[in-house]
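Reader: I would like to learn how to read aromatic pairs and a nonpolar core. Please walk me through one case.

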Amino acid sequence: MAAKAIFSCTASSHPFQERIVELTESIKIGRSVARAKPSLNNVIFDCKVLSRNHALLWYENCKFFLQDTKSSNGTFVNNQRLSKGSEESTPFEIFSRDTVQFGVDVVENQRRVTHGCIIVNLTLFHSDGTEAQRPSGQTQLIGQSSPIGHVISTQQLYQLSQYLEDANHREQMLETKLATLQRIIMETQMSVDGSWQALIDEDRLLSRLEAMEAQLQIYSKSHTDDSLRKELEIIHVEKQKYELSSKEIVKRSLEEKLEIVAKLKDIECSLNNSEEECDHLKQVYSDNQSELLALGAKYNDVQKELEESRQKISEDEQIWLSEKDILEADKAQVMTRVEEFESQEVVLKARLEAAQADCDFSKQQLTAMAERVSQVMEMVKKLKESNPDLEQLIISNESVEISSAV
């Protein structure tokens, strides 16, 4: 089973049907021409903004790669342009669910028609049928957010500079068109002047004819009637020829003049439209320049804040490391004291057990002595009853014995 790629149309794309392509070899992506027509199993699109050989897609070592092949309007992966205009890009690894844009929207100035680009959602499958998902540890570099505000990506700055370059290029083209129109107007003015010169020459010719008629009248006085009549007929025929040719010249001149005036009006309208469009593009260019400057300033501010935050984080890390060392030293001291207390506790427990044993032994002795004292008291009581004189002697003996026992 070969690797497979599915090209799905997005809402903002030039419309096309979904394409399913097997990547048994490198696949060409481009514009429809006579030999390559769009179909459901290729990546040829009927779109004017694409180049004939716009890009290549292939599958190698379980990875999908896309390469821009010197296209005019560029190839974008997740809004990141692969290369500059008319330059071949390096192979770029792509994954399933990436958004790929071929070309950019182009506005046709004459008809005010916008030609849309091709924007697709890619779904890629390996040869084993599993989807080529982006690894979880790998994140997209485009449109990332920083914890400090919103960082402007380099790609956005690049796209903005590209828009400015396009606007500058269009402005130069308009200036070239304006120069051409001015040259055409000058040529038209010269043609009009030539037509008026032809009219002036015609007037001069008629004046000359009138002068010749006057001379003819003068000469007729000294010639015979027949010769004068023949000369008059010849002159009359020539006069008619001159009048006809003059009328045709005047007619052609008037027609050319009217045509030139109509063309001049059309050229003036085109010139006005071009000037308006040029003014609009200049305004757009100025706005883009100011926006670019503002974005650059904002980018620099964010970079400074990021650098300050990194420096602060580094200082906090150093403080945390020093405090950690202090805490570890305190912990070691506390553990040492705990061990000392535990050893002292063992000694005190041993002493307490010894003291408890001595106390138990003393209790036993006291109990024995109390029993003996009670026995002695009973004996004394009996002796008192039997012989009162011996009481003092017994008490003294018992005291001696008790003292000796103690």
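Reader: Is Phe45 buried or exposed?

Author: This is a predicted model. Buried means under 20% relative accessible area. Phe45 has 1% relative accessibility, so Phe45 counts as buried.

Reader: How many aromatic pairs does a search of the whole structure find?

Author: The search finds 3 aromatic pairs. Phe16 and Phe45 form one of them, edge-to-face. Their centres are 4.9 Å apart, with 75° between the planes. The pair links distant parts of the chain, 29 residues apart. Phe16 is in the loop between strand E1 and strand E2, while Phe45 is in strand E4. Phe16 is buried too, at 14% relative accessible area.

Reader: What kind of aromatic pair do Trp58 and Phe65 form?

Author: A stacked one, 5.9 Å centre to centre and 25° between the planes. Trp58 counts as buried at 15% relative accessibility. Phe65 counts as buried at 17%.

Reader: Where does Lys4 lie relative to Phe125?

Author: Over the face of the ring, at 5.6 Å from the ring centre.

Reader: Now the core. Which residues touch the most other members of the largest nonpolar core?

Author: The general idea: in soluble globular proteins, nonpolar side chains tend to be buried together. Here the largest nonpolar core has 29 residues, and Phe7, Leu66 and Phe102 touch the most other members. Several strands supply at least two residues each, including E1, E4 and E10. Strand E13 gives the most, with 5 residues.

Reader: What does Phe102 touch?

Author: Leave out residues up to four places away in sequence. Among its contacts are then Phe7, Ile29, Leu50, His54 and Val120.

Notes
Residues numbered from 1 in each chain as written. Predicted model: local features only at pLDDT ≥ 70, side-chain atom pairs only at ≥ 80, totals over all residues. Heavy atoms only, no water. Phe/Tyr/Trp six-rings, centres within 6.5 Å; stacked < 30°, edge-to-face > 60°. Helix = DSSP H or I, 4+ residues; strand = E, 2+ residues; numbered from the N terminus. Buried < 20%, exposed > 50% of the residue type's maximum accessible area, 1.4 Å probe, protein only. Lys NZ or Arg CZ within 6 Å of the ring centre and 35° of its normal. Core = buried A, V, L, I, M, F, W, Y, C linked by side-chain atoms within 4.5 Å. Contact = heavy atoms within 4.5 Å.
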